[in-house]
Amino acid sequence: MRIQLMTDGGADIPERLYGNLDIKVVPLYLHFSDGEYKSDVTLDLAGYHQKVKELKELPRSAAPSPNDFYDAYKEVDPSIPIIMLSLSKELSSTYDNAIIGKTMLLEEEPERKIEIINTKTASCGISLLLHEASVKLNEDYPFEELVKHMRERVEQTTTLFVLKTLENLVLGGRLDKVKGKIAKTLNIKILMRASDEGAIELAEKVRGDKKSIRRFVDQIGEYTKNAEEKIISMTHCNDAERAKQVLSDIRSKYSFKDSYLTDTGPLISTYGGEGALVIAFFKDNIK
């Protein structure tokens, strides 16, 4: 049985994975002072970075509307079940809007099968889950089994972040300017992680870029001792060479069987800033 996978603009999907998957992406909205844009529809990633540079501002992001989800579901053949992997409910109204859009369509077509999964992650965490879904689809998992399996995998997903600069947190009003200046003077770097509920929480403060990257790599071992059968997914904000080096360091230390690497999209780039890195992998004791 064919199953349609869907996600939203909070996912950052590597080209290699995207090319192997039949996946529909419902884009998010970006509000700049010169107007509103749809991510990857009316404004691509290069255009986003150019606009941030030219306007010297960060956009406000907005979740896809319930109507956006309704329209996306409606485009899928009614006989094909849908699994929608949503950006963490703790980070956005995307999940709630996806549920409302589902309810709207089921009122018209009650025979539809649509399952909305709160991934409790973002960016490469969602692409990690999409990879897992693709593996199980190739193993011919039926709809109900795949939904159950993906919900279990959500609970096993570890998502870690390291920020190279705090400028976006200051510019976006999420960090006081004085505190931001002190942190810059002291060369403080921030390590963050997704909580069990899917919120972003501070993990550690580290002085110095090299030390923060070393700690970023080392902490993987606190979540998994058995990487051989796992993959790691990484995204970076506009710093491919740095990301490639860090990923190489990770794979030298841990024997992940495969990896994905791609850019952070506008949502994560807005929060993380230049040089931000995100990684996602499954922690140990998965079934």
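Where is the place of lysine 56? Lysine 56 sits in the loop between α2 (45-55) and β5 (60-62). The model described here is predicted.

**Loop residues with positive phi**

- Lysine 56 is not a glycine, yet its phi is positive, at about 55 degrees.
- Lysine 56 counts as exposed because its relative accessibility is 68%, and the cut-off for exposed is over 50%.
- Aspartate 140 is found in the loop between α5 (124-138) and α6 (143-156).
- Phi of aspartate 140 is also positive, near 65 degrees, and this residue is other than glycine.
- With a relative accessibility of 65%, aspartate 140 counts as exposed.

**Helix α10**

- Helix α10 covers residues 240-253, which makes 14 residues.
- From its first C-alpha to its last, α10 reaches 20 Å, close to the 20 Å expected at 1.5 Å a residue.
- Arg242, Ala243, Val246, Leu247 and Ile250 are the buried residues of α10.
- Seen down the axis of α10, these buried residues fall within an arc of 130 degrees, so they line one face of the helix.
- As background, an α-helix has 3.6 residues a turn, so residues three or four places apart point the same way.
- Glu241 and Ser252 are exposed on the other side of α10.
- The packing partners of the buried residues of α10 are α9 (209-218), β11 (231-236), β12 (258-263) and β13 (277-282).

**Threonine 7**

- Strand β1 (residues 4-8) contains threonine 7.
- Threonine 7 has a relative accessible area of 0%, so it is buried.
- Its side chain reaches the backbone oxygen of leucine 85 at 2.8 Å.
- Leaving out residues up to four places away in sequence, threonine 7 touches several residues, including Ile13, Val25, Met84, Leu85 and Leu130.

**Aromatic rings**

- There are 6 aromatic pairs in the structure.
- In one of them, the ring centres of tyrosine 223 and phenylalanine 281 are 6.2 Å apart and the planes are at 70 degrees, so the pair is edge-to-face.
- This pair links distant parts of the chain, 58 residues apart: tyrosine 223 is in the loop between α9 and β11, and phenylalanine 281 is in strand β13.
- Tyrosine 223 counts as partly exposed at 22% relative accessibility, whereas phenylalanine 281 counts as buried at 0%.
- Tyr223, Tyr254, Phe256 and Phe281 are linked into a cluster by ring pairs.
- Arginine 153 lies over the face of phenylalanine 282, 5.5 Å from the ring centre.

Conventions:
Residues are numbered from 1 along each chain as its sequence is written. This is a predicted model: local features need pLDDT of at least 70, side-chain atom pairs count only at pLDDT 80 or more; totals for chains, interfaces and linings use all residues. Side-chain values use heavy atoms; hydrogens and water are left out. Helices (H or I, at least four residues) and strands (E, at least two) are DSSP runs, numbered from the N terminus. The expected span of a helix is 1.5 Å times one less than its number of residues. Buried means under 20% relative accessible area, exposed over 50%, partly exposed in between (1.4 Å probe, protein chains only). The arc is that of the directions from the helix axis to the C-beta atoms. Contact means heavy atoms within 4.5 Å. A polar contact is a pair of N or O atoms within 3.5 Å; within protein, one must be able to donate a hydrogen and the other to accept it, and residues adjacent in sequence count only if both atoms are side-chain atoms. Rings of Phe, Tyr and Trp (its six-membered ring) pair if their centres lie within 6.5 Å; planes under 30 degrees apart count as stacked, over 60 as edge-to-face and the rest as tilted. A charge sits over a ring if NZ of Lys or CZ of Arg is within 6 Å of the ring centre and within 35 degrees of the ring normal.
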